[in-house]
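Please keep the sequence and the structure open while reading.

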Amino acid sequence: MKRESRESVNRSGKRRTARQWAAAILCILTALAYTGCGAANKSQSMTTNTAGSGSAVGGDSYGTNSGLEYGSAEYKSEEHAPEEAAQESTGVPAGRKLIQTVGLEVETKEFDQMMSALETRVKELGGYIENMETYNGSSYSGYASSRYANLTIRIPNEKLSAFLETVSDVGNVVRRWENVEDVTLSYVDMESRRNTLRTEQDRLLKFLEKAETIEEIITIEQRLSEVRYQLESMESQLRTMDNLIDYSTVDINISEVKELTEVREEQPGPARRIADGFMKSLREIGDGAMEFAIWFLTNIPYLVIWAAVIAAMVFVWMKARKRRLRKKAAREKEARDRMQALRTQEWEAGNRPVQSVCPDVAKESQGK
């Protein structure tokens, strides 16, 4: 019995030792996965700094975990072939990941026709309108229009030139700016990190199948959930970046004007500038007179109301002023009558006429 108990104890000790070794091996593999990812990022940054922009895309290694060189034959799989063909057709170097943004300021005399043409063209080219803001104006005047629109359009890279030509045909482009952002290194970093996470996920799934105790299962599942969360986040970022790379962004500001801005290749002479300025002044004077006439006619009801209010105020003021003038004239007449009566009394009494014209002063002089 003692021998059997000793053998059972030895077997349980061996099992415990095997479990400890399995946990240790799992920890070592996890540490190696993180170390390999860091080494890949470090080797990539060193390659970028030393090789330059041309060699960084051509054939330098972008990480030891991937096992492939970026730009090599093994790396160029079938899913990357259509992207490289599209980049070559648009003049973008093969293998580069570029985000293109174009801004346009456009004038037009036919606002509705241009908006309809742009929407139709965007659908034909396989793009879509990401954001649109349209203002149709709120002025009473139908002469000076103030309509405008702001659009954010996403167009496939290979069809960007065709769309820009359409915009130039249907409107007058007065300003254009372009921006190209190279995100090749960031994209390769994300791909390398994604591949490392996928490898670690496969290893953890294999260890999970071989796990025997609850502690091992819980430890592996915790790490597996972390890896899956990081992998989903990385794939989401890659999808977002792929959308920005495959579809160029075009920001268009459209304004409706009466006269299009003339695009001149050379500076005009003094005589041409004087003639253009004189004609512009005449047009502005005519436009101003027409705008004033339209404003006056459209605001006649308000003008009548204000005219009635002002006339009533003037009538009340004039009436009050006449009342004050009558009272003043009555007081002056009363003062003259009193002075005349006083002088008559003094003359009859044989006294010397009082020189003061003020009745109060005369009374005081008589009292003295």
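**Cores and contacts**

Setting aside neighbours within four places in sequence, L104 is in contact with L164, V167, V173, R175, R176, V250, D251, I252 and N253. The model is a predicted one.

**Overall chain**

- The chain has nine helices and five strands.
- Read from the N terminus, the order of elements is α-α-β-α-β-β-α-β-α-α-β-α-α-α.
- Of the 368 residues in the chain, 26% are buried.
- Among contacts with a separation of 6 or more, 72% are between residues 24 or more positions apart.

**Nonpolar cores**

- The largest nonpolar core contains 20 residues, and L104, I153, F163, V167, V250, I252 and I254 have the most contacts inside it.
- At least two residues of this core come from each of β1 (98–108), α3 (111–124), β3 (148–156), α4 (160–170) and β5.
- Helix α3 gives the most to this core, namely five residues.
- Another core, of eight residues, lies apart from the largest one, and its members include V183, Y187, M234 and L238.
- In soluble globular proteins, nonpolar side chains tend to be buried together.

- The structure holds 10 salt bridges.
- D182 and R96 form a salt bridge in which the closest N and O atoms are 2.2 Å apart.
- Because D182 is in strand β4 (residues 172–182) and R96 is in the loop between α2 (81–89) and β1, this pair ties together parts that are 86 residues apart in sequence.
- R96 is buried, with a relative accessible area of 15%, whereas D182 is partly exposed at 41%.
- R154 forms a salt bridge with E130, with 3.7 Å between the closest N and O atoms.
- R154 belongs to strand β3 and E130 to strand β2, so the pair ties together parts 24 residues apart in sequence.
- R154 is buried, with a relative accessible area of 2%, while E130 is partly exposed at 48%.

**Other salt bridges**

- Within helix α3, the side chains of R121 and E124 meet in a salt bridge at 3.2 Å, N to O.
- R121 and E124 are three residues apart in this helix, so about one helical turn separates them.
- E124 is exposed, with a relative accessible area of 52%, and R121 is partly exposed at 24%.
- D112, R147 and E256 are linked in a network of salt bridges.

**Aromatic rings**

- The count of aromatic pairs comes to four.
- In the pair formed by Y128 and Y247, the ring centres are 5.9 Å apart and the planes are at 55 degrees, so the pair is tilted.
- This pair links distant parts of the chain, since Y128 is in strand β2 (residues 128–135) and Y247 is in strand β5 (residues 247–256), 119 residues apart.
- Y128 counts as partly exposed because its relative accessibility is 32%, and Y247 counts as partly exposed because its value is 26%.
- F292, W295 and F296 are joined into a cluster by ring pairs.
- The charged end of K97 sits over the ring of Y187, at 4.7 Å from the ring centre.
- Y187 is also one of the eight residues of the core that lies apart from the largest one.

**Helix α8**

- Helix α8 (residues 300–349) has 50 residues.
- From its first C-alpha to its last, α8 reaches 73 Å, close to the 74 Å expected at 1.5 Å a residue.
- The buried residues of α8 are M339, L342 and E346.

How values were computed:
Residues are numbered from 1 along each chain as its sequence is written. This is a predicted model: local features need pLDDT of at least 70, side-chain atom pairs count only at pLDDT 80 or more; totals for chains, interfaces and linings use all residues. Side-chain values use heavy atoms; hydrogens and water are left out. Rings of Phe, Tyr and Trp (its six-membered ring) pair if their centres lie within 6.5 Å; planes under 30 degrees apart count as stacked, over 60 as edge-to-face and the rest as tilted. Helices (H or I, at least four residues) and strands (E, at least two) are DSSP runs, numbered from the N terminus. Buried means under 20% relative accessible area, exposed over 50%, partly exposed in between (1.4 Å probe, protein chains only). A charge sits over a ring if NZ of Lys or CZ of Arg is within 6 Å of the ring centre and within 35 degrees of the ring normal. The expected span of a helix is 1.5 Å times one less than its number of residues. A nonpolar core is a set of buried Ala, Val, Leu, Ile, Met, Phe, Trp, Tyr and Cys residues joined through side-chain atoms within 4.5 Å. Contact means heavy atoms within 4.5 Å. A salt bridge is a side-chain nitrogen of Lys or Arg within 4 Å of a carboxyl oxygen of Asp or Glu.
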